[in-house]
Amino acid sequence: MSNAIRILLPVIPLVLFASLATAQTRYPPDTVVAERGGAVVTMRDVDAAMLTVPQRMRANVMNNPKRIEELIDRLLINRQVAMEARAAKLDEGDTYKQAVVQQEDRLLTEMQLTALRTSMDIGDVETLARERYMVNPDAYALPGATSARHILIDTKNRSDEEAKKLAESVHAKSVAGEYFVGRVKQYSDDTSKASNDGLIPGADSDSMDPAFAEAVKQLKSPGDISPVVKSRFGYHVILLVERVPPRPRRPDQVKEKIVSELENSMRDARVKEHVDQLKGQEIKATPDVVASLRSRYLPEGTSPDPKIPGTR
């Protein structure tokens, strides 16, 4: 970023946070925000750049000095390069003018779909939220927590048979009452044992090896030890350390979350339905004109490959 923008922008956090009165000032659209190399960015430019951000999110997006700096820099460099393009008369061709129309179409599409999503009436969502909670309150419980220690006997430096035999020996010592952490330090090939003594939080989570996680789930009480378990890493002996069950939450504790989920999914579905209706209208096209697009951008004198891309 140029020195000019860095000189200008350090005052932005002061403008935003120094005083409430200053922060709440609403400047006219023509107010100059920043200049660089003859390019000028006004409040109207910033407002236009924010049109594609949902209105409910704009305050949060812009309540960040770094984002403001990045936005101003982007608007300035776009305008600076565009000034060079205009000087080179790149904006005078009919194709450019049509591309501008298409950009306008894209922007208007985003604005219209955002407006549809925001303004549509989706009815009494709170009643539906209560019904959803009652159908499956467990889905909104605070998740439980499971931790376990393990001893890993890997197969990198020994055969599978040797690893299994050693794991069974370690298992026998563990169930006989020998100090499990001592067995971890003595036998485990897990390199993280030096810092965690074999302890694994979330030992039955989906992020774990499936065979390992399933073996942990079979352990009922802290202190229970699994049979020898084989995973993609080798053989394990697992000790359950703690299992905290999920904790239910009252309807009022999850109401806001469920309502938000329902509103978003319903609005998304309605917008998709509207777009699908538009897509479902009949397309009228001229086959020969459409087919000619295959060769339209080829060098003069060449023919398109008779094999259509993406087909056999």
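Author: Two strands pair if DSSP finds at least two bridges between them; strands (E, at least two residues) and helices (H or I, at least four) are DSSP runs, numbered from the N terminus. This is a predicted model, in which local features need pLDDT of at least 70, side-chain atom pairs count only at pLDDT 80 or more, and totals for chains, interfaces and linings use all residues. Residues are numbered from 1 along each chain as its sequence is written, and side-chain values use heavy atoms, leaving out hydrogens and water.

Reader: How many bridges join E3 to strand E4?

Author: E4 covers residues 199-201 and runs antiparallel to E3. Within this pairing, Arg149 has Leu199 of E4 as its bridge partner. The number of bridges joining E3 to E4 is three.

Reader: How many of the ten residues of strand E3 are buried?

Author: Buried means under 20% relative accessible area, exposed over 50% and partly exposed in between, with a 1.4 Å probe and protein chains only. Strand E3 spans residues 145-154 and is largely enclosed by the rest of the structure, because the buried residues among its ten number nine.

Reader: With which side chain does the side chain of Arg36 make a polar contact?

Author: Arg36 lies in strand E1 (residues 32-36) and is buried, at a relative accessible area of 10%. A polar contact is a pair of N or O atoms within 3.5 Å; within protein, one must be able to donate a hydrogen and the other to accept it, and residues adjacent in sequence count only if both atoms are side-chain atoms. At 2.8 Å, the partner of the Arg36 side chain is the side chain of Asp73.
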